[in-house]
Amino acid sequence: MTALLEIEKLTVQFGSATLTDRILRRRARVLRAVDDLSLTLEQGEALAVVGESGCGKSTLARAIVGLVPIASGRVHFDGMDIAGGRDRSTRRRIQMVFQDPGSSLNPSLTVRNTLAEVLKVHSMVPADRIGERCAELMDLVELPPAILDARPQRLSGGQKQRIGIARALAAEPDLLIADEAVAALDVSVQASVLNLLRQLRHRLGLTLLFISHDLAVVRNLCDRVAVMYLGTVVEESNTEEVFGNPRHPYTRALLSAVPRIGVKKTSGEAALAGEPPSPLALPLGCRFHPRCPIAAEVCRIEEPLLESRQQHAARCHFAWESTEPITIGEQP
Amino acid sequence: MARYGFIAKRVAGIVPLLLGVIFAVFALQHVTPGDPARLILGARASEEAVEELRSELRFDDPVVTQFVRYAGNVFQGDLGRSLRASKPVTSIIADRLPVTLWLLGAGVVLSLLISIPLGTLAAMRQAGWADHAIRGVSLLGLTLPPFWVGIMLLLFLALPTGWFPITGFGDTFSEHLRSITLPALTLAISLAPIQIRSLRSAMIEVVESDAVTTARSLGIKGWRLVSRHVIPNAVLPMITLLAVEVGYMLFGAVVVEATFSLPGLGSEMITAVAGRDFAVVQGITLVFAVMVVAIHLLADIALAFIDPRVEMA
Amino acid sequence: MMTDGPSQAYESDAVSSRRPLPGILVAGTVIVGVFVLLALLAPFIAPFDAVEQDIPNKLAAPSAEHWLGTDEVGRDVFSRLIWATRVDLPIGFLAALFPMILGTFLGALAAYFGGWVDFVVTRIAEVVQAFPIYVFLIALIFALGPGVKSILITFTVVSWVLYARLIRGEILRIRTREYVQAAEALGYSHARILTRHLLPNAGRQTLVYFASDIVLALITLAALSYFGLGVQPPTPEWGAMVAAGQRFLRTQWWLSVTPGLVIAALGTGLSLISDGLDEWLKDA
Amino acid sequence: MVEGRMSKPLLIVEDLRVEINRHGSIVTPVDEVSFELQQGEILGLVGESGSGKTLTLKALMGLLPPGVVQVGGSISSRSGDVLQPLDPEKARGRIMAMIFQEPATALNPLRRVRDLIAEPFIVGHGVARNEARAKAVALMRAVGIPDPEQRSRAYPHQLSGGLRQRVMIAMALATESTLLLCDEPTTALDVTIQDQILGLLVELKRERDLTLVLVTHDLAVVSELCDRVAVMYAGRIVETGATADVFANPGHPYTAALLAAVPRFEPGGGDLTTIGGSPPDLRNVPSGCRFRTRCQYAFEECATAGHRLTHVADERQTACIHPAWIERGVAI
């Protein structure tokens, strides 16, 4: 396998020093949504980025697609550096599926307009084949061609989400980024969209970056998982390794916090106390230490590095203290 | 506290705004086609007189110099002299301002007396006949020209009854009150429809809001619900509306004063426009603008005190 | 157990049932349509000329010949009301259209590009808004001189601000919508994103406001003419007719009353269109 | 119809029917809903969007939105040994309180937290203001808000989502109601915060002897928390029973399909089972069983059968008339 996407020390920040800040010589309120993050995505794999809201996973997705500017770091896509900007044809090769079916389609365009626009702008097919191609795309996402002439407000959430996928596929991307693409859907619809994504991935040889907060969904779909906390990756490995042998205390907490069918909660004990600190004021040392059940003195002082053992990386001073697998929340 | 920071920022922001306003007023004489001195004196004035006026008003200086001089004068309280009345513009404004303030005060109070009960009633009886009637009347009210409403009041109230003077402002307090009644009512009729419509939708939004539903779920009801949860949240958009409406309000005042020949700033402005009295038109325009800026500022300060969230803005 | 069928059934019934137009929108369109017809067909409908004087027959009471009587120089009031439609309606329309075009353009640029463009547009708008805008209108018309041309110029200079603020706010709101981000991800040009994805969706509120702004423009135009600053005599204009009739209020009251009613009727039609559009476009 | 089998139900709902009249066409989002709530239990009301679960809850509270009306059915509550019709106007804030989905909008933004929590004490129990504020701070501590003294002076917008939901819970507790109706209380929260809040609810229930109704779309949350569950589909309850029983051995094809569609927390991906078709348009519901158009077990009688929950075992009821499914429910 070769790397399709290589991210090195990526930083994305919001807000910058204003004029008043400069006059008053005060520290600018800069929010580092993604902080010194490195990640590699192999050709054809499905990598999940999981984490809670505010951890920067959506910003990471937007930075890769080129919707937010990159403050520093290297982003290499198929050998090209795209951190500083990209031309239209490179842009086409990275597409995104969004979260909210209610706002992901332009309400004033019919489905056909939406799809045809992609085909036209990027000259994907000759002009006389556009109608044909639209029908093919509908077929690809398992929707009847009659929907082509409907406007989004007449469609159900699941249908809209499929059209969002079709729009991305119309550009024939190499990398598809799905940002919480099934989070807003009902269980039964979610299942069918997940199945669709899995099929498409294998059929079209897509590389998939799947952003999600839902660990069960991730386990169902992805080969590899990266866990993010406060802007950076704290653990990364293949799915079974992360779920079966989590090395970072945050991953463990996350896994045991997920409610499961068949497990009854009998006490008020929570997997993790407190709430994440504001990304505007990151704690010194390890950024997880204020909530960490096993934090020691070193954690308050020294920020751990993302340390790797046998293709399993974790950003914790004690990740590899003992190599015994830790199992969490065993099913009865 | 953060809200004081917000207010300080807001007050500081006024200075460049006022400069912009003064510039716009100053620019009025420069957008006028032709020689301003000639315009002021009229076509039949002699060339010497025009020349004299031009050098007196220093129209030949560079525009920037003229503006700096004009702004300097304004900040010192000198708005120039009226050529027709040969008086300082400030003294004319001082004479006329009280009448306009009377009219505005009475008009706004009257309009709120109309709009608050009607707007609340319409919101509470949403989609009932009272709501439909109130919405219909306020929609019609939006379309009535204020001067015409004034004339109708004269025709159907003042003329048949003889209770209200048709023109003028009188000399005593009770005469003022009688003279101001119909003009204020006219102004109120032109302001109330917008207020009713906004208040209605604001009230409906608040009553249906999650926050009020929560309060009701806790058993809070009756006057306490209205006074602690509905009114404070509905007042916020009303304050904003009154501030936005002030521009329209002042236009209404100008129209109403002219209709009823009330000796206020508005009728003076119309007279000055007809007499091409530049300095007076500029001065009154400036006073009106300052009133708007002041009211916007007051509204923001009021919002800052009611709503703890403004610090985020 | 159950297999995935051809995904969810297509809600065909929902597609075929288009939402009906609100009644008030239809009613408003009918009213305004009547006025448009009056303006177009004035030469055929109006029984008399608009400006020809008939001094001996001045200030006549309503009669079979002069339905609404005659004015102070003997012109037929009914005819003048009809002819005035040709003046008030197009001027009112243009006095709202020009500011809409300018305001939408500037507001869209400000919102889309941000930075210094936004800074400049917002600051100018703030200054214009510091004036009570219709009073500023009087001052500007005073400076430019009365007449249709200065009316249109001043309306444009003054009331673009409201449109600019409206469209700017809407675009800033819609810009965060995912379909706009999708368009950016697809590498569409600025022009395409603005014209195809932002403006059609941001423009709904503008359209609603436009209809009600024509009412404001009509009333303001009438008021300016009432002051003698608007349309100049002898051209028939409703506001000027109210003013001319005011002198005869005690005796020939209909001279002032009828033009006001006509303004209110047209205004009501436009307001109904505005409210109806709002309702119709709200959840579209 | 429900026949009371267990002793001392706290609340009995019979044939509840709610209508929406929109542009002259009437839809019935809640139809023939009957259930009993036992003292001290947690009952889950679970279903997908549009199933009528939230409106059922709001009907109990008498807080249906404008234009939505309860047109039939009865709700009675027990006081002492007597069952009497429930008057929501009187019961709100006395015997029952509600916890809402969106803590960001559910709190009055203009009032300080301590005044929000103190208000039910003042209104419902005539406590003086200062004493009520002191009690408010104590409650804040009880629901696990750190630094309650200091936080009590904050405004809602200054708190995080998790803390706001704790404030919401404190407000409900301040009414000293023993019945808490929770409408998707953790849907807006992150998984670790959800874990904390669910734990808090379990603790509070035990400490204060509360009875809870939990409306949610999340089957796993139901499984973690609820003693009994009622599954809703298109406005009707299709199955009720002890949560563990229902989930282990569903007695209605819809419940079974829903459970199969949830991605499980187990190794290995693979296609999820989905439900064909989509929930019916409420303006045009199928006759008889509303699930029959999507049900692969449907037979002729499903089109004509009236809606009726049948007891198949102790505490188990199903609306399915198919013998095989009745059999399944019995066979525990």
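Buried here means under 20% relative accessible area, exposed means over 50%, and partly exposed lies in between (1.4 Å probe, protein chains only). By that cut-off, buried residues make up 49% of the 313 residues in chain B. In chain C, 55% of the 284 residues count as buried.

This is a predicted model, in which local features need pLDDT of at least 70 and side-chain atom pairs count only at pLDDT 80 or more, while totals for chains, interfaces and linings use all residues. Residues are numbered from 1 along each chain as its sequence is written, chains are lettered from A and ligands numbered from 1 in the order in which they are written, and side-chain values use heavy atoms, with hydrogens and water left out.

**Chains B and C**

Helices (H or I, at least four residues) and strands (E, at least two) are DSSP runs, numbered from the N terminus. Chain B has 13 helices and 2 strands. Its C-alpha atoms fill a box of roughly 85 × 60 × 35 Å along the principal axes.

Chain C has 10 helices and 0 strands. Its radius of gyration is 24 Å, well over the 19 Å that the globule rule gives for 284 residues, so chain C is more spread out than a compact globule. That radius is taken over C-alpha atoms, and the rule is 2.2 Å times the number of residues to the power 0.38. The C-alpha trace of chain C spans about 95 × 50 × 30 Å along its principal axes.

**Surface patches on chain C**

Patches are made of residues with over 30% relative accessible area and no salt bridge; like charges are joined within 9 Å, nonpolar side chains (Val, Leu, Ile, Met, Phe, Trp, Tyr) within 5 Å. Asp49(C), Glu52(C), Asp54(C) and Glu65(C) gather in a negative surface patch. Glu52(C) sits in the loop between α2 (23-45) and α3 (77-113). Glu52(C) is exposed, at 57% relative accessible area.

A nonpolar surface patch is formed by Val36(C), Leu37(C), Leu40(C), Leu41(C), Phe44(C) and Ile45(C), with about 580 Å² of accessible area together. Val36(C) lies in helix α2. Val36(C) is partly exposed, at 37%.

**Salt bridges**

A salt bridge is a side-chain nitrogen of Lys or Arg within 4 Å of a carboxyl oxygen of Asp or Glu. Over all chains, the structure holds 52 of them.

| Pair | Closest N to O distance |
|---|---|
| Glu240(A) and Arg219(A) | 3.1 Å |
| Asp31(D) and Arg236(D) | 3.7 Å |

In chain A, Glu240(A) forms a salt bridge with Arg219(A). Glu240(A) lies in helix α9 (residues 239-244) and Arg219(A) in helix α8 (residues 215-221), so the pair ties together parts that are 21 residues apart in sequence. Glu240(A) is partly exposed at 35% relative accessible area, whereas Arg219(A) is buried at 9%.

In chain D, Asp31(D) pairs with Arg236(D) in a salt bridge. This pair links distant parts of the chain, with Asp31(D) in strand β2 (residues 25-38) and Arg236(D) in strand β10 (residues 236-242), 205 residues apart. Asp31(D) is buried at 5% relative accessibility, and Arg236(D) is buried at 10%.

Arg206(D) and Glu203(D) are 3 residues apart in helix α8 (residues 191-208) of chain D, so about one helical turn separates them. Arg206(D) is exposed at 52%, while Glu203(D) is partly exposed at 26%. Elsewhere, salt bridges that share partners join Arg17(D), Glu19(D), Asp31(D), Glu32(D), Arg236(D) and Arg290(D) into one network.

Key
Accessible areas come from the Shrake-Rupley method with a 1.4 Å probe; for residues, only the protein chains shown count as cover. Lys and Arg count as positive and Asp and Glu as negative; His and the chain ends are not counted. The place of a charge is taken as NZ of Lys, CZ of Arg, CG of Asp or CD of Glu.
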